[in-house]
Amino acid sequence: MTPGEQGTSPTARDGTGETRGLERAAAILGAFDAAHRELTLSALVARCGLPRSTTHRTAERMIRLGWLDKPKGHYRIGNRLFEIASLAPIRLELREAVLPYLQDLHSATRTTVQLGVLEGAQILVVEKITGHRPMPMLSQVGGIIPAYCSALGRAILAYSETATIDAVLEAGLPARTPRTLTSKEAVIRELTAVPARAGRSSARRATSA
């Protein structure tokens with residue numbers, strides 16, 4: 001027991017320990033992303049920032065809970081988390097309500113269709129429909145992409161309130177590629193052009209039909 005814990009009730013100490021345990025588990029889960037789906041123990045330690053012994057002990061407990069899996073010595077997200085994530089309202093309710101329209105849109109345009117929601121200055125990808133041709137630049141379902149420099153994000157921002165757009169712009173516009181728009185004026189011009197482009201696209205589809 002540390003000096004700071006002396007005089008603290010067992011319940012409070014247990015609560016503190018549980019909180020720390022959850023924070024360690026969150027750090028380990030945060031080490032995984034679309035580019036790091038499987039990690040060795042050394043890579044997991046480097047990415048989560050926890051001591052090696054703590055990382056190993058916590059990860060092994062997460063394996064027992066089904067939160068992680070460890071095939072061939074590499075850690076990866078476990079199936080139990082997939083089961084839990086599928087219960088989230090954004091996945092269960094929004095996706096199920098919109099999916100028929102996404103399928104109709106994909107059939108009409110023969111191009112990739114994505115569904116996302118704005119969370120702060122980023123877009124959470126909820127669903128996507130692609131064709132047989134691989135599209136490596138597209139974010140995976142459940143992935144996070146910046147709103148200001150993605151087609152999906154700009155489409156959402158173009159019809160958002162001014163306060164929402166301002167909040168995204170104030171969050172920063174770092175360059176992700178040589179062609180990224182990094183000034184507020186350039187992004188606003190792009191957002192202003194989105195409705196006109198959508199109108200021209202609809203007109204072309206109507207003409208071809």
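Colleague: Which exposed residues sit on the face of helix 7 turned away from its buried side?

Modeller: That face carries Ala163 and Glu170, where exposed means over 50% relative accessible area, buried means under 20%, and partly exposed is in between (1.4 Å probe, protein chains only). Bear in mind that this is a predicted model: local features need pLDDT of at least 70, side-chain atom pairs count only at pLDDT 80 or more, and totals for chains, interfaces and linings use all residues. Residues are numbered from 1 along each chain as its sequence is written, and side-chain values use heavy atoms, with hydrogens and water left out.

Helix 7 itself covers residues 162-170; helices (H or I, at least four residues) and strands (E, at least two) are DSSP runs numbered from the N terminus. On its buried side you'll find Ile165, Val168 and Leu169. Looking down the axis of helix 7, these buried residues fall within an arc of 95°, so they line one face of the helix; the arc is taken from the directions from the helix axis to the C-beta atoms. After helix 7 comes Gly172, with a positive phi near 110°.

Strand 3 and strand 4 (residues 122-129) share seven antiparallel bridges, and Leu115 stands opposite Glu127 in strand 4. Their hairpin has two residues between the strands, and Gly120 there takes a positive phi near 70°.

Lastly, the nonpolar cores (sets of buried Ala, Val, Leu, Ile, Met, Phe, Trp, Tyr and Cys residues joined through side-chain atoms within 4.5 Å). The largest has 14 residues, and Ile28, Phe32, Leu44, Ala59, Leu68 and Tyr75 have the most contacts inside it. Helix 1 (10-29), helix 2 (41-48) and helix 3 (52-65) each give this core at least two residues, with helix 2 supplying the largest share, four residues. A second, separate core has 13 residues, among them Ile145, Ala147, Leu173 and Val187.

Conventions:
Pairing = 2+ DSSP bridges.
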